[in-house]
Amino acid sequence: MGTVVDAPYKEVSKNIRVIFVLGGPGSGKGTQCANIVQHFGYTHLSAGDLLRAEIKSGSENGTMIQNMIKEGKIVPSEVTIKLLQRAIQESGNDKFLIDGFPRNEENRAAFESVTGIVPEFVLFFDCLEEEMEKRLLNRNQGREDDNIETIRKRFRVYMESSLPVIEYYNSRGKVRKIDAAKPIEAVFEDVKVLFSSLDEKVTA
């Protein structure tokens with residue numbers, strides 16, 4: 001069995017619905033994705049979780065990914081897209097939240113080119129850096145990238161790389177901005193409005 005990069009390419013079904021979930025580290029994306037899965041039946045694919053699972057697998061890819069994350073760098077698009085493709089193909093579902101991807105313009109263009117999928121919309125959790133930093137320092141998940149120096153490096157990478165993606169989709173009317181500084185329950189109330197209206201549109 002080869003690495004994910006060696007996996008045979010399969011055309012991903014064009015009938016699936018993808019929503020990109022973006023926001024800075026500590027903006028609460030993971031918590032809200034879990035709520036959306038529970039209430040609306042989506043499959044949550046976290047680019048970060050897929051990359052961490054690949055690291056744990058001990059593959060050559062995993063070692064490369066681990067080194068890049070330690071240095072605060074972004075993993076090559078090809079690696080992340082193939083992990084996402086594999087997860088989509090294996091899930092059996094037709095609606096997905098892709099969390100923490102695309103991380104930059106090159107990711108975005110490569111995803112649409114390789115998979116042929118254009119997102120339904122981009123769910124953007126907007127939160128001040130000070131609030132996100134406070135949340136990350138308070139959580140204790142045993143993640144080696146949750147120390148103050150690495151956190152601030154992640155913020156810089158996010159600002160430089162991810163915001164142009166949000167601007168790209170915003171210019172196409174595809175960004176749905178959520179105030180993520182609110183309490184979790186209040187944030188999800190705003191999220192529910194979006195997803196309920198999307199389901200009504202699809203079933204209409």
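1. Residues are numbered from 1 along each chain as its sequence is written, and side-chain values use heavy atoms, with hydrogens and water left out.

2. On confidence, pLDDT (the predictor's confidence in each residue, from 0 to 100) averages 83 for the protein chain, with 87% of the residues scoring at least 70. Residues 1–10 stay under 50, and the model has 15 contacts beyond four places in sequence for them; contact means heavy atoms within 4.5 Å. Where pLDDT is low, the predicted coordinates should not be read in detail.

3. For the overall layout, I get eight helices and five strands, in the order β-α-β-α-α-α-β-α-β-α-α-β-α from the N terminus on. Those are DSSP runs numbered from the N terminus (helices H or I, at least four residues; strands E, at least two). Of the contacts with a separation of 6 or more, 78% are between residues 24 or more positions apart. Buried residues make up 44% of the 204 in the protein chain; buried is under 20% relative accessible area, exposed over 50%, partly exposed in between (1.4 Å probe, protein chains only).

4. Have a look at α3 (residues 60–70), where N61, G62, I65 and M68 are buried. Down the axis of α3 these fall within an arc of 130°, so they line one face of the helix; the arc is that of the directions from the helix axis to the C-beta atoms. Their cover includes α2 (47–56) and α4 (77–91), while exposed E60 and K70 sit on the face turned away. After α3 comes G72, with a positive phi near 75°.

5. Helix α6 (residues 129–138) buries M132, E133 and L136. Viewed down the axis of α6, the buried residues fall within an arc of 100°, so they line one face of the helix. They pack against α7 (148–171), and E130 and N138 are exposed on the other side.

6. Finally, K95, in strand β3 (residues 95–99), is a lysine worth checking: K95 is buried, at 19% relative accessible area. A polar atom of the K95 side chain lies 2.9 Å from the backbone oxygen of F40. Not counting residues up to four places away in sequence, K95 touches R17, F40, G41, Y42, T43 and D199.

Key:
Predicted model: local features only at pLDDT ≥ 70, side-chain atom pairs only at ≥ 80, totals over all residues. Polar contact = N/O pair within 3.5 Å; in protein donor to acceptor, adjacent residues only side chain to side chain.
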